[in-house]
Amino acid sequence: MLTIGCHLSSSKGYLHMGKEAVSIGANTFQFFTRNPRGSKAKPIDETDVAAFLEFCREAGIEKILAHAPYTLNPCSKDAHTREFAKITMEDDLKRMEYTPGNCYNFHPGSHTGQGAEEGIRQIAGMLNEILRPEQTTTVLLETMAGKGTEIGRSFEELAAILEQVELKDHMGVCLDTCHVYDAGYDIVRDLDGVLREFDRTVGLSNLKAIHINDSKNPFASHKDRHEKIGEGSLGLETFVNLIRHPLLAGLPFYLETPNELEGYAGEIAMLKERTR
Ligand code: FE
Ligand code: FE
Ligand code: ZN
């Protein structure tokens, strides 16, 4: 069965997100662990979490995906910025254990002039400080478009981070379709080739989630502007091929397209219809 959902606002808590997901035909969802710009997180409401977990059992929601604030930068040249990213992610990982067995995705960061090699070393270093052997959460590196000094613009860079992390079993990758296309991986004309390249570098067994976004910009533009499904440079057929691809069967797909709930419901219905 297809596992599909979209990014939802977490401001009203877990149970609200679960119900909202079901109301738009989703069986999973993504949410920010706190304000996307990285402010202090609300304390976990244990009553809400308990009700949510019960709701998930009834509604058939088997997995959810948390997203770190996108402003965190564990490989900034500024030491305070690096420290803030570490403290925030360490706290997020504690909070994730209230909903055990899920994934936590983050943007690897921008090296801000230090060079990719040093950036990769700092990202892996932070992960080695905050990952715990007993945690049930899998931490995902997101593939990035490569704007500015972003790390994760190539599969090799992500592989290099994974290579340096000690607790590899707690790590994985989330592939973002807009980002990889903007980064210069042609999933429109050569999806098989890109997946082969991913397998050769990162390993397909490390692929844990997919962000499905069309792109406002042309191939290899290194821009990162998401577009509605079928309205950008990737086109609807790309997403149909992706969801139907045998190597990606069973993975959860998350929309991060510029939509309100109604628009998400429409995209989910359209993708289900086209891929069943
Ligand atoms: Fe992201
Ligand atoms: Fe994304
Ligand atoms: Zn993006």
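**Exercise 1.** In this predicted model, find which residue bridges the iron ion (ligand 2) and the iron ion (ligand 1), and state how far apart the two ions lie.

*Solution.* Step 1: the bridging residue is Glu142. Step 2: the two iron ions lie 3.2 Å apart. Step 3: place Glu142 in the fold; Glu142 belongs to strand β5 (residues 138-142), while Asp176 belongs to strand β6 (residues 171-176), and the pair, 34 residues apart, links distant parts of the chain. Step 4: Glu142 and Asp176 are both buried.

**Exercise 2.** List the protein donors of the iron ion (ligand 2) and classify the site.

*Solution.* Step 1: the donors are Glu142 (OE), Asp176 (OD), His211 (ND1) and Glu256 (OE), at 2.1 to 2.2 Å from the ion. Step 2: along the sequence, the spacing of these donor residues reads E-x33-D-x34-H-x44-E. Step 3: the angles among the four donor atoms run from 84 to 175°.

**Exercise 3.** Determine whether Asp48 is buried or exposed, and describe what surrounds Asp48.

*Solution.* Step 1: locate Asp48 in helix α2 (residues 46-59). Step 2: Asp48 is buried. Step 3: look for a charged partner; Asp48 has no salt bridge, and Lys42, the nearest side chain of opposite charge, is 7.9 Å away. A salt bridge would require a distance within 4 Å. Step 4: turn to polar atoms; a polar atom of the Asp48 side chain lies 3.0 Å from the backbone nitrogen of Leu15. Step 5: neighbours within four places in sequence aside, Asp48 contacts Gly13, Tyr14 and Leu15.

Methods. Residues numbered from 1 in each chain as written. Chains lettered and ligands numbered in written order. Predicted model: local features only at pLDDT ≥ 70, side-chain atom pairs only at ≥ 80, totals over all residues. Heavy atoms only, no water. Donors = N, O, S within 2.8 Å, 3.2 Å for Na, K, Ca; no water. Tetrahedral: all angles 85-135°; square planar, octahedral: opposite > 155°, others 65-115°. Helix = DSSP H or I, 4+ residues; strand = E, 2+ residues; numbered from the N terminus. Buried < 20%, exposed > 50% of the residue type's maximum accessible area, 1.4 Å probe, protein only. Lys, Arg positive; Asp, Glu negative; His and termini not counted. Polar contact = N/O pair within 3.5 Å; in protein donor to acceptor, adjacent residues only side chain to side chain. Contact = heavy atoms within 4.5 Å.
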